[in-house]
Amino acid sequence: MDPHLLQLFCSDLMKFTGDLKSRLLTFNITIDKELITPLITDLESIKSASQIMNFTTIFELCKSLSAFFEQYRRGQLTIIPDQITLFVQICDEFLKIAEAPNPQQEITKKEQKLAGFLTIVNSFQTQKEELERQDKREDHEGSKVNRDATMMNLLHVELKTQVANLNQSLVKLEQNPQNKDELYSLMRFSHSIKGAARVVNLDTIVKLAHVMEDFFSAAQKNLQIITEESIDTLFLGVDILQRLASIDETEIDSWIDLERDKINSLVKRIESLSKKIKTENIQEKQFLYLLKKEKSEVIKPPAIQPERVLRVSAQHLNNLMGLAGESLVESRWLQPFLDSILILKKYQDDVFSNVNEIVETMMSSEISPKTSILIKELKKKMNILGEKVSNRLVELELFNLRFSNLSDKIYREVIETRMRPFHDVVEVFPRMVRDLARSLNKKVKLEIIGEETPVDRDILEKLEIPLGHLLRNAVDHGIELPEERAAAGKPQIGSIRVEAKHLGGVLAITVSDDGAGPNIEKVREKIIENKLITSDLAARLSDNDILDFLFLPGFSTSKTVSEISGRGMGLNIVQNMVNEVGGSVKVTFQQGKGTTIQFLLPITLSILRSLIVQIAGEPYAFSLSHINKALTINRKDIQLIENKEYFKLGDRNVGIIAAHHILELPAKTQYSEEIPIVVLSSLANIFGISVDSFVGEKELVVHELDKRLGKVQDVSSGAFLEDGSPVLILNPEELMTSIDNFIKGNKPIHISSSKESIAKKLVKKILIADDSVTVLELEYRLLQNRGYEVSTAGNGEEALRKLREGQYDLLITDIDMPLMNGIELIRTIKKDLKLKALPVIIVSYKDKEGDRESGLAAGADVYLTKSSFEEDILQNTAANLIKINEESKL
Amino acid sequence: MTKNIKKLLNREIPDDYIEESTDILMHEQQQTPISQISVLIFRLEEEWFALDISALNEILGNRPIHCIPHRSEKILAGLVNIRGQLKLCISMQHLLGVLGAKEKSDKNFCGTKNPGRFFVEMAHQNSTWVFPVDEIYNIQYFDINQITNIPDTLAKSDSNLLKGILKVGARNIGYLDVDLIFKEISRRLQ
């Protein structure tokens with residue numbers, strides 16, 4: 001045996017066993033589950049070292065011990081102090097071996113003793129295994145249908161987390177196949193999945209996770225060469241796990257039955273990737289071990305402990321936020337109370353000085369000795385009283401300061417809990433960009449900066465889809481093929497950067513690529529072609545102004561709508577998201593050098609800077625970022641045209657509508673000369689809304705309205721003023737529509753506009769919901785060509801919201817969508833009194849009879865498949881359904 | 001003397017006594033099932049009602065109600081601040097039809113009117129509603145036998161939300177059927 005290798009082994013053994021022993025000794029006081037993981041790591045290290053050295057007994061012993069602790073960690077075992085003592089004894093034996101002048105001899109000598117330990121340790125487990133087997137048998141009998149729901153739920157959670165981790169680490173591994181840390185993490189992630197799957201007896205998945213783990217573990221020991229092909233195969237495995245995570249628990253068994261062959265063949269493929277190790281000879285292994293050994297001594301990356309994350313129910317957080325808010329309101333009560341006591345104190349001082357005056361005048365005349373004593377007594381008491389009250393007041397004031405500070409801190413902290421790192425939304429992108437680039441034969445490196453930047457949960461959710469579009473755009477249209485890049489003198493690998501940071505109170509997110517950038521002239525041509533503006537004006541517009549046209553819905557420079565991006569809808573979705581949260585977006589580019597898109601978004605949606613006004617005697621709030629202007633005008637300055645009031649703002653005539661009219665609230669009777677007006681404007685319209693009075697500017701903490709209330713027109717959410725009274729936050733975009741409807745619906749002023757409004761009513765409105773932008777774009781064009789007014793939604797939830805907010809004549813929806821799928825959407829609609837008459841068409845990729853049935857059973861009128869998709873079918877069906885529905889209403 | 005006392009205390013228990021005691025114990029146990037209810041008694045306008053304590057979450061002092069734009073449902077009084085959360089406030093006055101006369105049925109709860117009022121939060125199967133009441137009387141125990149049935153004319157009408165009538169002195173108190181009330185509220189708000 002190689003003496004050098006043996007020496008290394010001994011130093012390893014010494015180090016890890018020492019570690020192990022000290023950890024075990026702390027167990028005597030308390031057994032902390034968090035200590036188990038490093039303990040197992042130690043054992044695994046000794047195990048693999050002894051395997052290489054062919055010390056079977058030590059190997060087996062470590063294996064048993066590590067299995068034992070693994071079970072303990074999963075809560076399947078308990079440990080008694082006697083066992084710990086035994087383990088410490090084993091450690092001592094190991095240490096003796098390591099310190100012996102001739103370790104090999106020592107091992108042979110102790111062979112018997114070690115084998116004895118092995119039997120004992122194994123016996124701890126066999127008991128356990130029997131139990132487990134029994135459990136399994138019992139489980140199996142009743143399991144098919146009756147699987148423990150909480151366990152399944154845990155599996156889902158575990159799968160979701162680990163799949164995200166796997167995806168991320170695999171992408172990193174591909175870029176740097178030598179990265180041992182990634183391999184180690186990957187091994188751990190697959191191991192966790194294995195554990196979770198085993199708990200619920202999903203053997204197929206256990207096997208899959210197991211071979212993946214094997215692969216990573218082999219690769220980690222340098223026994224495996226990582227190629228692009230192997231990464232691809234592993235991604236396939238991750239995809240299966242990902243799909244599993246999205247499947248309803250009741251359908252898991254049937255899904256696995258369906259996919260079993262596929263999974264098993266994949267398992268074989270992954271296995272064959274790692275087959276090589278087994279044929280490799282020990283010599284080489286030892287050499288590699290040596291190599292690894294030397295390496296690992298040189299670089300030892302510091303272990304970074306990730307921050308612990310807890311799952312807390314949203315309800316608890318809301319309760320906490322409510323209570324923290326109330327404690328803040330309560331703390332504010334103290335100040336006025338303190339002020340009132342100060343006034344009393346002043347009053348007391350007055351009384352005292354009066355008394356003093358009286359005493360003075362009495363003293364100047366003759367007084368009896370008794371009175372004199374009484375007066376002395378009185379003065380003393382007054383002094384004590386005065387002093388004590390002052391002291392108490394100071395104490396109260398200090399308390400008030402502390403208490404209000406504390407409440408403030410609690411409140412801020414609670415609001416902080418709404419923040420998540422930017423990482424949460426971008427973790428899916430490296431995989432997506434990688435797959436996309438490979439399918440387009442491009443080479444792209446995605447760089448993400450500022451992953452720790454805290455972002456409000458609500459904003460984070462809204463970011464995923466728009467960012468996805470921008471990245472797809474960047475890979476598809478931005479980055480050129482490697483040859484083109486080389487020809488242009490750029491590095492072959494294109495780079496895309498996503499950066500998030502806080503910038504003076506706003507969240508700035510930048511997506512930039514070093515690709516060719518949009519062809520400005522092409523955009524200019526397209527604008528003129530689409531008759532958006534005259535060619536004259538187009539020529540005068542600056543390049544950056546031209547780019548703004550890219551954000552219009554349905555505007556696309558690419559002639560073909562590819563699977564990846566048609567551009568038409570993508571940028572519009574980005575724009576909509578930005579508008580929704582009250583942010584802004586800017587595109588800059590350098591021809592041939594790249595494009596940069598920057599969004600500026602509010603850091604949180606839970607705190608809103610707003611203008612508080614009184615309407616019908618109650619407080620309402622406007623978000624400051626949505627107000628054009630707030631001003632007071634004199635009644636004299638209001639002019640009348642055809643019975644409509646308006647005033648002049650600069651050179652524009654602005655119509656005035658009373659807020660209580662729009663909100664259908666009782667009018668406030670007070671009359672005043674000065675009228676407070678809030679001016680709202682959109683691209684097309686500008687309105688002045690008259691209110692009772694301005695209250696002031698405040699930062700409000702936004703509370704959602706009770707779901708049971710349903711959608712309240714013109715109101716987005718609620719909040720509380722400092723005194724705890726409720727205030728409603730108005731939604732400016734909805735208000736604009738309401739005003740528009742109000743004006744149109746109420747009094748048609750002259751004939752031309754009334755004709756217009758009738759014509760408007762005849763235009764049928766269709767909502768299409770699909771998570772594929774391509775399909776949206778296609779359907780959008782088809783239907784718009786037929787003269788329908790078409791709106792789009794990227795998922796079921798968005799669709800439902802839009803349906804509730806507006807009047808639609810038809811819904812066309814996909815089945816597979818994020819957040820809320822098509823079936824759920826239809827079911828919800830059919831339960832809703834107002835929406836249940838709405839005709840629904842399903843357009844889906846799924847073309848099995850079962851899918852059709854479940855779609856129709858949910859309440860859809862027609863089921864079309866995308867595969868048999870022909871232009872006229874959709875339009876004709878749509879026209880028919882709308883017509884039938886219209887007739888049935890009459 | 002002590003001997004005699006000892007003798008007296010340690011004497012054999014007569015059989016019939018054992019039987020009698022067992023009988024009493026058995027009997028008492030049979031009688032224990034809930035024979036009492038405790039209720040919160042409160043006033044809405046001129047009428048008194050009783051809400052089962054198990055459905056009572058909290059009683060709170062007066063606070064402003066913010067009315068809801070575009071909503072014409074009479075039983076929806078508005079939004080109130082309950083422990084720092086925006087809660088939906090129901091008009092039990094409208095739900096139970098205690099307003100009677102036409103001019104009163106337009107009663108609007110918005111703002112801080114009716115300074116004397118209280119708010120009651122009731123809970124049933126994970127759902128809660130808040131409503132203003134004009135006066136709180138007290139919490140009182142009743143024997144279940146004291147609940148008298150409601151007149152058939154009322155019981156058969158669709159709008160009956162009472163389980164029965166309780167009497168305090170000469171006063172009739174409507175004992176609310178919480179389950180029906182929660183169902184009725186969701187039905188009316190749909």
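Start with both chains shown: 34 residues of chain A are in contact with 23 residues of chain B, where contact means heavy atoms within 4.5 Å. The model is predicted, so local features are given at pLDDT of at least 70 and side-chain atom pairs at pLDDT 80 or more, while totals for chains, interfaces and linings use all residues. Residues are numbered from 1 along each chain as its sequence is written, chains are lettered from A and ligands numbered from 1 in the order written, and side-chain values use heavy atoms, without hydrogens and water.

**Stop 1: between the chains**

The size of an interface is often given as the accessible area lost when the parts come together. Here chain A and chain B bury about 2,300 Å² between them, with 59% of it on carbon and sulfur atoms. Buried area is the accessible area (1.4 Å probe) that two parts lose on being put together, summed over both.

Between chain A and chain B there are 12 residue pairs in polar contact, both residues at pLDDT 80 or more. A polar contact is a pair of N or O atoms within 3.5 Å; within protein, one must be able to donate a hydrogen and the other to accept it, and residues adjacent in sequence count only if both atoms are side-chain atoms. Select α12 (314-364), β9 (618-623), β17 (715-720) and β18 (726-730) of chain A: each supplies at least two residues of the side of chain A that touches chain B. The largest share, six residues, comes from α12(A). That side of chain A divides into 16 nonpolar, 10 polar and eight charged residues. In this division, Ala, Val, Leu, Ile, Met, Phe, Trp, Tyr, Cys and Pro count as nonpolar, Asp, Glu, Lys and Arg as charged, and the others, Gly among them, as polar.

The count of salt bridges between the two chains is zero; a salt bridge is a side-chain nitrogen of Lys or Arg within 4 Å of a carboxyl oxygen of Asp or Glu.

**Stop 2: chain A as a whole**

Chain A has 29 helices and 23 strands. Helices (H or I, at least four residues) and strands (E, at least two) are DSSP runs, numbered from the N terminus. Buried residues make up 45% of the 890 residues in chain A. Buried means under 20% relative accessible area, exposed over 50%, and partly exposed in between (1.4 Å probe, protein chains only). Of the contacts in chain A with a separation of 6 or more, 69% join residues 24 or more positions apart.

**Stop 3**

Select residues 644-649 and 652-658 of chain A. These are β12(A) and β13(A), which pair in the antiparallel sense over four bridges; two strands pair if DSSP finds at least two bridges between them. K648(A) stands opposite N653(A) in β13(A). The hairpin has two residues between the strands, and G650(A) takes a positive phi near 60 degrees there.

The bridge partner of I656(A) in β15(A) is G688(A).

**Stop 4**

Go to H660(A) in helix α22 (659-662) of chain A. H660(A) is buried, at 16% relative accessible area. Leaving aside neighbours within four places in sequence, H660(A) is in contact with I615(A), A616(A), L665(A), P666(A) and A667(A).

Next select S738(A), in helix α23 (732-746) of chain A. Its relative accessibility is 10%, so S738(A) counts as buried. The side chain of S738(A) makes a polar contact with the side chain of Q713(A), at 3.0 Å. Beyond four places in sequence, S738(A) is in contact with I662(A), Q713(A) and D714(A).

Move to D714(A), in the loop between β16 (693-701) and β17 of chain A. D714(A) has a positive phi of about 75 degrees although it is not a glycine. D714(A) is buried, with a relative accessible area of 0%.

**Stop 5**

Select E184(B), in helix α5 (178-189) of chain B. E184(B) counts as buried because its relative accessibility is 14%. E184(B) and L161(B) are 23 residues apart in sequence and 8.4 Å apart in space, C-alpha to C-alpha.

Finish at N126(B), in the loop between β6 (118-124) and β7 (127-133) of chain B. N126(B) is exposed, with a relative accessible area of 85%.
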